[in-house]
Amino acid sequence: MVPKCGSKTGSRHEETSEPRVVGRLRGTYVVAGPCQGVDADQREFQNPFGMDTDCQNCPELAACRQQLVHGYGDVGGEFLVLGESPSAGAEQTGVPFTGDAAGRRLQRVLGELGLSRSPPDAAEPELQNVFCTYLTRCRHPDRPATDEEVRSCEPFLNAEVRMINPEIILPIGQRVLEALAVDYTTRAPESFDVEAEHATTIRGRGFELVPMKPLDEQTDAETDALRDHLLENVFARDYRQTKGRQER
Ligand code: SF4
């Protein structure tokens, strides 16, 4: 049953298109047929792979969302930030992790790490070497996404991960950490505790995970600890040694 919270759909990007990028050879995209929105020269940070901006696979979310928020950032990024679903602020801007205090917290860290050239409150930050996305690209105003909705959205995430091919993934929150654990680590999902493993490195199958607590639950000291861990334990060594991970 479609919920009663309205039927606003669509986004700032009016064109709709199926994902058409079918491969990538170190910065060169292999594109099948006509493809609106794909930007082989990375002129666009927003939805650079031209994914469907009017997806209706989750009827309740499609009926309630202000707009769908696909991934955003540097398609050649070695870092990938993965959240659970857009916040109200991100849903307004159409850009992951912007539009509210939680987004500014992440953008500040990205700036301090040299992964953003923009101030923390930029609506469309100029990111470099990092891509930001979600488990689900649509937001319900009153509840988290269901497991079924996460599964429905997985093909979008899988396609982005394959094409970005990151070295380091930064999962935000317990649910995201557990979701990645299934495919990318040898540990049981229930063995993870994002509170205890905030700002640590977990060796995955093919890349490393650096988890963080939900942005709106982090103290300033915890955010600084995340930044310092990345600077001292990831940036300070050669992390480019984890290719060959399992295909999603
Ligand atoms: S959450 Fe994902 S699969 Fe569901 S409607 Fe939104 S874009 Fe489509």
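The shell of residues around the ligand divides into 8 nonpolar, 3 polar and 2 charged; here Ala, Val, Leu, Ile, Met, Phe, Trp, Tyr, Cys and Pro count as nonpolar, Asp, Glu, Lys and Arg as charged, and the others, Gly among them, as polar. You are looking at a predicted model, in which local features need pLDDT of at least 70 and side-chain atom pairs count only at pLDDT 80 or more, while totals for chains, interfaces and linings use all residues. Residues are numbered from 1 along each chain as its sequence is written.

Let's stay with the ligand. Among the 13 residues surrounding it, the closest are Cys-55, Asn-57, Cys-58, Cys-138 and Cys-153 (a residue is near if its C-beta atom, placed from the backbone, lies within 6 Å). Helix 4 gives the most to this shell, with 4 residues.

Now turn to the largest nonpolar core, where Val-81, Leu-82 and Leu-170 touch the most other members out of 55 residues. Such a core is a set of buried Ala, Val, Leu, Ile, Met, Phe, Trp, Tyr and Cys residues joined through C-beta atoms within 7 Å. Buried means that 20 or more other C-beta atoms lie within 10 Å of a residue's own. In soluble globular proteins, nonpolar side chains tend to be buried together.

Just after helix 3, Gly-114 takes a positive phi of about 80°.

Methods:
A residue is buried if 20 or more other C-beta atoms lie within 10 Å of its own, exposed if 12 or fewer, and partly exposed in between; C-beta atoms are placed from the backbone. Helices (H or I, at least four residues) and strands (E, at least two) are DSSP runs, numbered from the N terminus.
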